[in-house]
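Keep the structure open as you read.

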Amino acid sequence: MSATAGQAQTERSLAERLGFKPGQVVQELGWDEDVSEELRASIEAVIGAEMVDEDYEDVADVVVLWWRDEDGDLVDGLVDALSSIAGGGHIWLLTPKAGREGHVEPSDISEAAPTAGLSQTKSVSAAPEWSGTRLVAPKGRM
């Protein structure tokens, strides 16, 4: 197996570990040229389709929200993302890792999530330069 095939397999495994499943509608918000294209490709490989963008007018199962410190008010960004998910859905908040441009302090996430009506359930290394935080709405809210 080539190194590239091995890397692709590792990336697919990561998307599956993040909980992505075939057939899900995944909305991507906050895309810019600095995002992890490998993570994006692995998510699309698992769900079997392209992610939809901010113009999508229906609800999604999962929102992937790329967020950098300079993107504005995190609470507002989370509330906007929350309005896009179906009951039982969740948000993957992806932020640059410590030492990277645009890094968001974990304390900022822990303060913003409850204000936006979300609970933090999991934090992971989502890609070489990105951390991921899984956020869900409390049951009964949606």
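Glu 37 and Arg 40 sit together in helix H2, 3 residues apart, which is about one turn of the helix. This is a predicted model, and in it the two form a salt bridge whose closest N and O atoms are 3.0 Å apart. Side chains of opposite charge can pair when their charged atoms come close.

Arg 40 comes out at 15%, and because buried means under 20%, Arg 40 counts as buried.

## Arg 68 and its two partners

The count of salt bridges comes to 4. One of them joins the side chains of Arg 68 and Asp 34, at 2.9 Å from N to O. This pair links distant parts of the chain: Arg 68 is in the loop between strand E2 (60-66) and helix H3 (74-82), while Asp 34 is in the loop between E1 and H2, 34 residues apart.

Arg 68 also meets Asp 71 in a salt bridge, this time at 3.0 Å, N to O. Arg 68 is buried, at 5% relative accessibility.

Now for Ala 15, which you'll find in helix H1 (residues 3-17). Its relative accessible area is 0%, so Ala 15 is buried. Which residues does Ala 15 contact, leaving aside its neighbours within four places in sequence? They are Phe 20, Ser 42, Ile 43 and Val 46. As for Ile 47, its C-alpha atom is 9.2 Å from that of Ala 15, although the two are 32 residues apart along the chain.

Ser 36 is in the loop between strand E1 (26-29) and helix H2 (37-47). With a relative accessible area of 7%, Ser 36 is buried too. Setting aside its neighbours within four places in sequence, Ser 36 is in contact with Trp 66, Ala 127 and Trp 130.

Last stop: the surface. Asp 69, Glu 70, Glu 101, Glu 105, Asp 108 and Glu 111 form a negative patch there. One of its members, Glu 105, lies in the loop between strand E3 (85-96) and helix H4 (106-115). Glu 105 is partly exposed, with a relative accessible area of 42%.

Methods
Residues are numbered from 1 along each chain as its sequence is written. This is a predicted model: local features need pLDDT of at least 70, side-chain atom pairs count only at pLDDT 80 or more; totals for chains, interfaces and linings use all residues. Side-chain values use heavy atoms; hydrogens and water are left out. Patches are made of residues with over 30% relative accessible area and no salt bridge: like charges are joined within 9 Å, nonpolar side chains (Val, Leu, Ile, Met, Phe, Trp, Tyr) within 5 Å. Accessible areas come from the Shrake-Rupley method with a 1.4 Å probe; for residues, only the protein chains shown count as cover. Lys and Arg count as positive and Asp and Glu as negative; His and the chain ends are not counted. The place of a charge is taken as NZ of Lys, CZ of Arg, CG of Asp or CD of Glu. Helices (H or I, at least four residues) and strands (E, at least two) are DSSP runs, numbered from the N terminus. Buried means under 20% relative accessible area, exposed over 50%, partly exposed in between (1.4 Å probe, protein chains only). Contact means heavy atoms within 4.5 Å.
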